[in-house]
Amino acid sequence: MRSHPATLAACPDDGALPQAPKDASVAAAPVVPADPPTVVDDSPHRSGGLTSLAVEVIDKARREAADPLTLIPDAAQWVTLVRPGELLAHSELRSLWSKAEESNADMHTAMDVMRKCMGGIEAIDHAVLGFDDQGHMVMAGRAKGLGTEATWRCLRDETAARGKSLDLDLTGTPRGEGPQLRESGKTEGDLGYLVDDDTVVLLSHAWDADVRARLEGKGISASEGQLGPTIGRVDRAATAWLTGRITGIPASFLAGGPMASIVDMSLSMQVRDGELELRLEADAGEAADATRVRDELTKQLELFKGMLPAMGLPGSIAPKIAFETEGDLVS
């Protein structure tokens with residue numbers, strides 16, 4: 001269909017918005033001089049030698065395998081990642097978050113519980129959500145202690161103390177033998193796996209087989225499958241990003257319109273030196289499609305400018321947004 005993906009970018013330059021192996025035995029003792037010289041080993045593995053090194057390598061592999069992004073299966077149509085600490089480090093975004101928390105009782109309760117059990121939402125290093133247009137989802141997060149039963153007991157008890165219910169029960173099932181969390185009162189409800197002490201994954205029952213495969217290092221992740229090229233266009237280290245394939249219900253909304261040719265999109269947000277940078281990209285199909293999409297977005301931007309103040313965004317953003325094309329790309 002295309003020789004290059006179509007990119008659509010908008011960049012305001014100021015902010016508003018396995019178990020470790022047991023110690024290996026040595027097959028044969030080395031020949032040692034009668035009076036061996038004293039050797040000082042300053043290496044970080046001196047206490048355990050090669051066995052310690054092997055353990056560290058395995059632990060590193062475990063951590064990488066538990067990376068939230070790798071746990072999102074190819075079944076996901078959309079994937080979004082957010083780093084709460086970086087996001088809330090931006091003063092105006094923190095202000096918007098605080099206003100939202102103040103106006104929503106459930107959100108306020110959830111954040112109050114997070115502060116009590118984990119010190120706040122900022123404790124989460126990053127969280128990834130994968131979903132489709134049929135209501136299926138998987139959410140994986142990483143934070144110190146997030147994958148321990150103690151943390152989830154705290155979340156459950158503190159939620160109950162505020163008159164709410166977490167609706168997730170601890171199953172007592174050991175890791176590797178089944179889910180550690182299960183939706184209250186439902187045999188086919190949402191599930192949860194405490195992957196390691198710092199990683200948790202929550203998911204819809206329908207995606208259990210797909211996620212278990214990812215936990216075992218099998219199957220295909222979203223970043224390796226159909227969404228691979230789209231995710232490849234975003235900076236994975238960005239403060240927040242969203243990628244998706246325009247199929248099913250989303251495609252029906254664009255059908256018959258000037259942007260009907262778009263097959264995927266990505267949005268990234270980066271906080272740099274107190275400023276907020278946004279970048280939106282889309283595969284518009286062909287060069288002619290990219291030009292048409294660019295013109296339509298430029299037209300819509302003009303209509304949108306007057307709404308920025310009502311959304312709490314400064315009007316100074318609009319003049320800094322531009323759409324360009326490069327082959328199939330709109331930038």
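**Close-up 1. Asp 167 sits in the loop that links H5 to E4.** Keep in mind that this is a predicted model. Here Asp 167 has a positive phi of about 60°, even though it is not a glycine.

**Close-up 2. Ser 165 shows up in the loop between helix H5 (149-161) and strand E4 (168-170).** Which residue does the side chain of Ser 165 pair up with? The side chain of Asp 167 is the partner, through a polar contact of 2.8 Å. Now look for Ser 184 as well: Ser 165 and Ser 184 are 19 residues apart in sequence, and their C-alpha atoms are 9.6 Å apart in space.

**Close-up 3. Arg 142 belongs to strand E3, which covers residues 137-143.** Arg 142 has a relative accessible area of 16%, and because buried means under 20%, this residue counts as buried. What does the side chain of Arg 142 touch? There is a polar contact of 2.2 Å between the side chains of Arg 142 and Thr 199.

**Close-up 4. Helix H3 (residues 91-103) packs with H4.** To describe two packed helices, you give the angle between their axes and the distance between the axes. For H3 and H4, the angle is about 115° and the axes are 5 Å apart. That angle makes H3 roughly perpendicular to H4. On the H3 side, the contact is made by Trp 97, Ala 100, Glu 101 and Ser 103. On the H4 side, look for Ala 105, Met 107, His 108, Met 111 and Arg 115. Sorted by class, the residues where H3 meets H4 come out as five nonpolar, two polar and two charged.

**Close-up 5. Helix H4 (residues 105-118) also packs with H5.** What angle do H4 and H5 make? The angle is about 140°, and the two axes lie 9 Å apart. H4 is therefore oblique to H5, since angles over 145 degrees would be needed to count as roughly antiparallel. The crossing of H4 and H5 is right-handed. What classes of residue make up the contact of H4 with H5? It has six nonpolar, two polar and two charged residues.

Methods. Residues are numbered from 1 along each chain as its sequence is written. This is a predicted model: local features need pLDDT of at least 70, side-chain atom pairs count only at pLDDT 80 or more; totals for chains, interfaces and linings use all residues. Side-chain values use heavy atoms; hydrogens and water are left out. Helices (H or I, at least four residues) and strands (E, at least two) are DSSP runs, numbered from the N terminus. A polar contact is a pair of N or O atoms within 3.5 Å; within protein, one must be able to donate a hydrogen and the other to accept it, and residues adjacent in sequence count only if both atoms are side-chain atoms. Axes are lines fitted to C-alpha atoms, for helices over the stretch in contact, and angles run from 0 to 180 degrees between N-to-C directions. Angles under 35 degrees count as roughly parallel, over 145 as roughly antiparallel, 65 to 115 as roughly perpendicular and the rest as oblique. A crossing is left-handed if the near helix is turned anticlockwise from the far one by less than a right angle, and right-handed if clockwise. Ala, Val, Leu, Ile, Met, Phe, Trp, Tyr, Cys and Pro count as nonpolar, Asp, Glu, Lys and Arg as charged, and the others, Gly among them, as polar. Buried means under 20% relative accessible area, exposed over 50%, partly exposed in between (1.4 Å probe, protein chains only). Contact means heavy atoms within 4.5 Å.
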